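The sequence and structure come before the description.

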Amino acid sequence: MLGVRVRDITRRDVREALWEKRTLVKTVGLRGTLHLFPAAEVPVWMAANRLRFPAEEKRLVKAGIEAEVLNSVIEAISDIVGAEPITRPELEARLEERVGGWATSANQGWAGNYKNWPMALGWAASLGRVCYGPGQGGRSTFVRLADWSGWRDVDPDEAGVFVLRRFLHAYGPSTIAELSRWFALDPAISRRLFGELAGELAEVEVEGSRRWVLRRDLDADSEPAGDCVHLLPHFDVFVVGSHPREQLMDPASSVAHASPGTAATFAVLLVGGRVGGVWERKPVGRRLRIRVDAHMPLSRRQRDSIAEQAERIAQVVELKGELEFGEVSLRRHL
């Protein structure tokens, strides 16, 4: 994702920013999923995440998870994780000693069976207690965030307004409902944030839909790019955050049938900002074989652009690119 947006960087640069310079932080972010954040902004994003706590606690209680038990695991994670990296197996063992078997018991999740303690990890991260550390032999590690990159207290409501500005700048014109979906926020909280930012917003109509955009973005330069093509990876931020979905992908397309409601589980080919196919990559020695399956005819210029992007993707992972066009199976990433 970063490589297709930031000129010339490779995975080595990202690793250096994460583990040596510590200008990026890997942690549990919005929607309870892994994200990379600028280190200086982590306290703000984590504060905004805490806006989700009341609704999330109700959801967990409804699912049969007692708040007291969850809080005991959050506190245990906070006490166990320190300045020195601790591996996932070590943390699990310490948690089981501290709070008992519930922490390491498995429950059915959205993509399989998951242990209970990672639910508490997201809460601990939002409180500034933990983030990911450098891997050790392929294993994840965890460190105390304050020791790793610093911490400061931020008001959650102020943080929420900060996040809304970022959201609208990236995905606007947008709506209250779309912010709620993107950040997994209670609609009432999203509505309040829009109200707090009302002086900076402009209402616009897009194809009969009432939407909002930052006033400062009304005059932003933009040009139609109906024939531009892009290769985006699984769970790319553009694909995850773009709405309405029927504008992003044709509801009658094979991608929509394979994964109703989202194309994020596929690496996609965008044509004019809409899903126009899928692609896959496979390392073969020192080469990265990329196969693109376009679901519509492509011009020679579009194919040439895809070839340039395929080579760029290979450069990101420090390999030599090898491109071919052909069928790609519509298998979900998860």
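Three strands form an open sheet in the order 3-7-6, with antiparallel pairing. Strand 3 (86-87) and strand 6 (131-136) are the edges, each having a single partner strand, so one side of each has no neighbour in the sheet. Strand 6 and strand 7 (residues 139-143) run antiparallel and are joined by four bridges. Two strands count as paired if DSSP finds at least two bridges between them. Helices (H or I, at least four residues) and strands (E, at least two) are DSSP runs, numbered from the N terminus.

The model is predicted: local features need pLDDT of at least 70, side-chain atom pairs count only at pLDDT 80 or more, and totals for chains, interfaces and linings use all residues. Residues are numbered from 1 along each chain as its sequence is written, and side-chain values use heavy atoms, with hydrogens and water left out.

Helix 8 (residues 156-171) packs against two helices, as the table shows.

| Helix pair | Axes come within | Crossing angle |
|---|---|---|
| Helix 8 and helix 9 (residues 176-183) | 11 Å | roughly 105° |
| Helix 8 and helix 10 (residues 187-196) | 9 Å | roughly 80° |

Axes are lines fitted to C-alpha atoms, for helices over the stretch in contact, and angles run from 0 to 180 degrees between N-to-C directions. Helix 8 and helix 10 are therefore roughly perpendicular to each other, a term for angles of 65 to 115 degrees. Their contact (heavy atoms within 4.5 Å) involves Asp157, Gly160, Val161, Leu164 and Leu168 of helix 8, and Arg192, Leu193, Phe194 and Glu196 of helix 10. These residues divide into five nonpolar, one polar and three charged. Here Ala, Val, Leu, Ile, Met, Phe, Trp, Tyr, Cys and Pro count as nonpolar, Asp, Glu, Lys and Arg as charged, and the others, Gly among them, as polar.

The largest nonpolar core has 58 residues, and Ile77, Leu95, Trp117, Phe142 and Trp182 have the most contacts inside it. Helix 8 gives the largest share of this core, seven residues. A second, separate core has 16 residues, including Val229, Val292, Ala314 and Leu319. A nonpolar core is a set of buried Ala, Val, Leu, Ile, Met, Phe, Trp, Tyr and Cys residues joined through side-chain atoms within 4.5 Å; buried means under 20% relative accessible area (1.4 Å probe, protein chains only).

Note on methods. Angles under 35 degrees count as roughly parallel, over 145 as roughly antiparallel, 65 to 115 as roughly perpendicular and the rest as oblique. Buried means under 20% relative accessible area, exposed over 50%, partly exposed in between (1.4 Å probe, protein chains only).
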